[in-house]
Amino acid sequence: MTGDAARRRGFLLLAPAVVFLLVFFVYPVVDMLSVAFLDQAGRITLSNFARLFEHPVYFKVLRITFQIAALTTLICLVLGYPLAYFLAHSSASLRGKLLLVVLMPFWTGFLVRTFSWMILLADTGPLTAAGQALGLSELQLSNNLVGVLIGMSHALLPLAVLNMLAVMQSIDVNLTRVATTLGARPGEAFWRIYFPLSLPGVAAAGLIVFITALGFFITPAVLGSPQQTMIAQVIIVQLQEVLNWRFASVLSLVLLASSLVVYFVYDRLIGLASIAGVGASVVEPAGASAGRIARARPPLGLGIALLGLLGRATSALARLRDAAWRTRAVPLRTGGGRRVQACVVGAILVFLVVPSFFVIPVSFTNSTFLDFPPRGFSLRWYGEFFRSPIWVSATVRSLYVAVVVAILATALGLGAAFGLNRRTFTGQKWVMGLVLAPMILPRMIIAVGLFYLLARMQLVGTDLALIIGHTVLAFPFVVVTVLAMLKNYDPQFDRAAMTLGASPPRAFFHVTLPLIRDGVVAAAIFAFMTSFDDLNLALFLSGGEQNTLPKQMWSTMILQANPLLGAASTMLLILMTGFAFAAEMLSRRNRSRSQRGAQLALGQAA
């Protein structure tokens, strides 16, 4: 195949995805945001922005939004770093098992996690009761900033861990070993060598967590008070209650501008490749990413001095520990640091996993109220769930939409991933940015933009509207998953098949697809779960008469939370966990396929 033919083939693979995103992502967002600059007569004006300055409450909401997002990011980085470090230095087998645990909050469903914390942090919940038993009679964990930070940190911590882990796994551990061989204590070697090398991962984690946190509204609405109102909540009120599109567009523009500023700064310092997790070669020339990472290290003045101070402090603590053991005239125990690290990691894993399971006992209560521990044992709430046409209809609709989205997003994402992975062309970085944009920007902006477009097309309330919106959200996850999988795929198999006479389509279906099949199915499962768990778009696109399951759960949670919500959450927990384990098993199978399978596939193609 000539270079021109290969280039045309790459463009053809990318074209459907690019056109889809331009029509249903870029255009709706730009069109909706343009309303901020128009008056009722359609003339250009800046008067819509005046309300921001006339009412100080909106600047207060912005300040609260940035404060909560920043605190959540800090908590996720502090908790996520030791966990990512532990995973990076564990065996491949242990790392794979622990990653399933780390990803547990993702798979359980956002509303399930929020409902779990609603039970745990309630005034009569187990955590409050435990605090009171310890003498903390004034302890209050819900309807305040503490509850919001706990819920948001629990939801976003896996994001931070995954981004930091991707960088830590690429750090050569021999660098710190050489430092200790030359006389540096382990603490000094860590702070002076390992930590600076891990900073690109920390920066990527901070970016993703911070921007995602800016668009949160479920957790502050359920676990917070009016003092923790975030900008996404105000946007919803402006659209659904006040019907003020122009000011909602102004607030959305502020949210988008804030995200883009943070994103632009990160891209200039670190580069887009670390977010994609597929290597710099996909989106930028070789060497560019290394230069960005070098510039992202701490400034040579204050940064190095601070790292040196941390290293010396760690060494001083180690010397004090050694001296304390010598004065006790007993042998110095070895492995103490590893035991402390294991305890810290264990506590973080408990924080990630255990809360979601508190919805299960609540679903079997005989009471009509949310009590913990539950009163009695009964299956009445499961019976009410299956007898309710509203809940059953919402579940069936969510399943149908998620299946269609999985198929559509996988088809678009598979072509886009191959187009980005196999071909180099001018503007490839911008195409990658377009592909990743729905994953990076706050979902509230995407939801409002699509609602503004699809409402004029009279599609709001239809399954098609949900399919379009959820495909926009799920598509980037498919692309990233397939790109990561293609890193380990040898394109020589395709060339060998075509050398033996197979056409490019035949080589793809008989060689490439069989070898990456399990990974593609895993990507489809991720797309299914993204659609099935979405609430942001469902609030705007599902219509008032028929709900999706997350929207029905949200309505019940806001109006009158009861054990029926626990039954729905338990079934959703089981479903999503089952899909998560299936996706992980398929990914492992795909990674462990042998050369023999490739040779058999080549034989079939010939």
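**Notebook: a look through the helices**

**Entry 1: Phe357**

I began with phenylalanine 357, which counts as partly exposed at 38% relative accessibility. My cut-offs are under 20% relative accessible area for buried, over 50% for exposed and partly exposed in between, with a 1.4 Å probe and protein chains only. The model is predicted, so I noted the limits: local features need pLDDT of at least 70, side-chain atom pairs count only at pLDDT 80 or more, and totals for chains, interfaces and linings use all residues. Residues are numbered from 1 along each chain as its sequence is written, and side-chain values use heavy atoms, with hydrogens and water left out.

I found phenylalanine 357 in the loop between α17 (336-353) and α18 (359-363). Helices (H or I, at least four residues) and strands (E, at least two) are DSSP runs, numbered from the N terminus. Which residues does phenylalanine 357 contact, leaving aside its neighbours within four places in sequence? They are Met104 and Leu573. Contact here means heavy atoms within 4.5 Å. I also looked at serine 569, which is 212 residues from phenylalanine 357 along the chain. The C-alpha atoms of phenylalanine 357 and serine 569 are separated by 9.7 Å.

**Entry 2: Thr365**

Next I went to threonine 365, in the loop between α18 and α19 (380-387). Is threonine 365 buried or exposed? Threonine 365 is buried, because its relative accessible area is 1%. I set aside residues up to four places away in sequence and listed what threonine 365 touches. The list is Pro374, Arg375, Gly376, Ser378, Arg380, Trp381 and Pro563.

**Entry 3: the whole chain**

I stepped back to the protein chain. How many helices and strands does the chain have? I noted 29 helices and zero strands. The chain has 606 residues, and buried residues make up 52% of them.

**Entry 4: α21 against α23**

I picked helix α21 (residues 428-440) and helix α23 (residues 463-486). Their axes come within 7 Å and cross at roughly 125°. That angle makes α21 oblique to α23. The axes are lines fitted to C-alpha atoms, for helices over the stretch in contact, and angles run from 0 to 180 degrees between N-to-C directions. Under 35 degrees is roughly parallel, over 145 roughly antiparallel, 65 to 115 roughly perpendicular, and the rest oblique.

The crossing of α21 and α23 is left-handed. A crossing is left-handed if the near helix is turned anticlockwise from the far one by less than a right angle, and right-handed if clockwise.

From α21, the contact uses Met432, Val435, Leu436, Pro438 and Met439. From α23, I listed Val472, Phe475, Pro476, Phe477, Val479, Val480 and Leu483. By class, the contact of α21 with α23 has twelve nonpolar, no polar and no charged residues. Ala, Val, Leu, Ile, Met, Phe, Trp, Tyr, Cys and Pro count as nonpolar, Asp, Glu, Lys and Arg as charged, and the others, Gly among them, as polar.

**Entry 5: α22 against α23**

I stayed with α23 and checked α22. The two pack at an angle of about 145°, with their axes 10 Å apart. The crossing of α22 past α23 is right-handed. From α22 come Arg443, Ile446, Leu450 and Leu454. From α23 come Ala465, Ile468, Gly469, Val472, Leu473 and Phe477. This contact has eight nonpolar, one polar and one charged residues.

Glutamine 458 lies in the loop between α22 (443-456) and α23. Its phi is positive, about 60°, although glutamine 458 is not a glycine. Glutamine 458 counts as exposed, at 70% relative accessibility.

**Entry 6: aromatic rings**

I searched the whole structure and found 16 aromatic pairs. Rings of Phe, Tyr and Trp (its six-membered ring) pair if their centres lie within 6.5 Å; planes under 30 degrees apart are stacked, over 60 edge-to-face and the rest tilted.

Why is the pair of phenylalanine 217 and tryptophan 554 edge-to-face? The planes are at 80°, with the ring centres 5.7 Å apart, so the pair is edge-to-face. This pair links parts of the chain 337 residues apart. Phenylalanine 217 is in the loop between α10 (186-214) and α11 (218-223), and tryptophan 554 is in helix α27 (residues 549-560). Phenylalanine 217 is buried at 3%, and tryptophan 554 is buried at 12%.

Trp245, Phe451, Tyr452 and Phe540 form one aromatic cluster.
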